[in-house]
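User: I would like to go through some of the labels given to this model and ask what each one rests on.

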Amino acid sequence: MKDEDLKRAMEALQAPLSSPQPMLQGRITRLIGLTIEAVGLNVAIGDNCLIMRPSAGIEAEVVGFSGDRIYLMPLQPVDGLAPGAKVIALNADRDVPVGFELLGRVLNGVGEPLDGKGALKCEQSVSMAGEVINPLERYPINETLDVGIKAINALLTVGKGQRLGLFAGSGVGKSVLLGMMTRATEADITVVGLIGERGREVKEFVEHNLGPEGLARSVVVASPADDSPLMRLRASQLTTRIAEYFRSQGKSVLLLMDSLTRYAQAQREIALAIGEPPATKGYPPSVFAKLPKLVERAGNDATGQGSITAFYTVLTEGDDQQDPVADAARAILDGHVVLSRQLAEQGHYPAIDVEASISRAMPSIVTSEHMALAMRFKQLYSKYQQNADLIAVGAYVRGSDPDTDFAIERVPTMRQFLRQGLNEAMNVNDSLRMMSISLQPAEPVRA
């Protein structure tokens with residue numbers, strides 16, 4: 001917790017009884033699992049409280065109530081907490097430090113530095129709650145954003161202000177793909193949220209996937225799996241809030257959140273802990289209410305000067321594309337990029353399944369020639385995949401279908417186009433040119 005919050009709480013405890021506005025104190029009555037119950041406080045949902053213990057205070061947030069009982073969710077571990085511990089109310093909302101001084105820094109879920117580079121020197125701060133943009137006032141998506149990945153640039157073209165899902169199982173290269181986009185994108189600023197992943201992956205992503213060049217124009221918010229569910233929720237909200245600030249400064253922002261599934265699981269842990277009944281495969285209804293509230297904050301602003309283009313990774317456990325979170329995310333996002341485990345096992349990286357992926361904004365932001373070329377590529381690739389078994393065993397007879405014959409000829413070149421090296425980047429125009437070359441008929445062999 002912040003030093004100023006602890007100082008303010010201690011001053012309140014030591015205030016004389018004649019103080020005109022004494023701070024009410026409550027006490028802990030029960031602790032079960034993740035939930036702390038308190039009485040004696042008149043607070044509202046979302047308010048912050050400080051729970052006193054001998055070693056240090058524990059910051060907690062009000063997540064529910066029943067009668068005069070208040071349900072609190074702690075941000076820090078509760079070791080050493082005793083029955084009857086004092087609880088005092090803090091501010092209703094925590095301010096977030098913002099500014100270009102954040103570039104190159106790694107923060108935790110409440111905006112405190114994790115990188116050992118000293119305290120933040122931001123002169124500005126904003127409320128954690130972002131402003132909701134009227135949907136009729138949002139600037140339309142009409143400009144492409146180069147992400148440096150030729151398969152995405154050519155076949156799944158991304159528009160500034162678009163929100164896409166990156167659907168993948170574990171170990172198929174989603175973190176590597178995010179790092180490639182961070183280094184190669186033409187966006188002004190990148191904001192990365194590492195939510196609920198392994199702690200080891202945070203350092204690896206920053207040092208290897210992101211690299212010094214990518215980190216210099218990025219802000220990283222990390223809340224690993226061993227953080228409390230409330231900290232993981234706040235890290236997701238902080239990531240979005242920082243991106244909103246840079247958008248308000250007229251910047252083109254690339255928001256990468258890994259992962260939206262961990263955000264949903266954190267909310268599930270909190271909801272189940274306070275007694276909300278599970279609905280769909282163990283997920284309470286509040287999970288599916290919070291997902292669009294987070295996602296809808298990305299996009300273009302009302303002026304068209306600033307934008308947040310967002311990629312949310314969605315874990316498909318067991319490669320199940322019908323997972324409840326995956327299904328809900330697919331419905332509220334503007335497209336999805338599916339990573340295939342089969343392609344990854346074949347050494348095909350990035351393992352993008354172009355047949356299962358789509359960009360809903362692409363038809364309105366690319367030329368008719370680009371769209372026709374992309375559709376032709378997908379048709380031929382799909383035609384080959386449909387006949388792959390027959391071709392493999394030699395049962396397909398050449399001449400049966402002209403498109404299949406042409407696909408057999410061009411598939412090696414098309415697959416080579418879909419592959420990309422870890423340190424390779426290709427802009428939109430070059431991606432389109434390479435896709436066009438991959439579809440050109442081979443020159444006949446002269447006798």
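User: Why is the pair of Phe377 and Tyr381 called stacked?

Analyst: This is a predicted model, and a search of the whole of it finds 5 aromatic pairs. For Phe377 and Tyr381 the ring centres are 6.4 Å apart, and the planes meet at 10°; since pairing asks for centres within 6.5 Å and stacking for planes under 30 degrees apart, the pair is stacked. Both residues are buried, and because they are 4 residues apart in helix H11 (residues 368-386), about one helical turn separates them.

User: What makes Arg268 count as a charge over the ring of Tyr283?

Analyst: Arg268 lies over the face of Tyr283 at 4.3 Å from the ring centre, and the limit for the distance is 6 Å.

User: How do you know that Asp323 caps the N-terminal end of H8?

Analyst: A side-chain oxygen of Asp323 lies 3.1 Å from the backbone nitrogen of Val325, where a polar contact requires a pair of N or O atoms within 3.5 Å. Val325 is one of the buried residues of helix H8 (residues 324-332), and what covers those buried residues includes helix H6 (260-273) and strand E10 (163-168).

User: What makes strands E3 and E4 a pair, and in which barrel do they lie?

Analyst: Strand E3 (residues 48-51) and strand E4 (residues 58-66) run antiparallel and are joined by 4 bridges, while pairing needs at least two. Ile51 has Ile58 of E4 as its bridge partner. The barrel closes from 6 strands in the order E1-E2-E5-E4-E3-E6, with antiparallel pairing.

Definitions and conventions. Residues numbered from 1 in each chain as written. Predicted model: local features only at pLDDT ≥ 70, side-chain atom pairs only at ≥ 80, totals over all residues. Heavy atoms only, no water. Buried < 20%, exposed > 50% of the residue type's maximum accessible area, 1.4 Å probe, protein only. Helix = DSSP H or I, 4+ residues; strand = E, 2+ residues; numbered from the N terminus. Contact = heavy atoms within 4.5 Å. Polar contact = N/O pair within 3.5 Å; in protein donor to acceptor, adjacent residues only side chain to side chain. Phe/Tyr/Trp six-rings, centres within 6.5 Å; stacked < 30°, edge-to-face > 60°. Lys NZ or Arg CZ within 6 Å of the ring centre and 35° of its normal.
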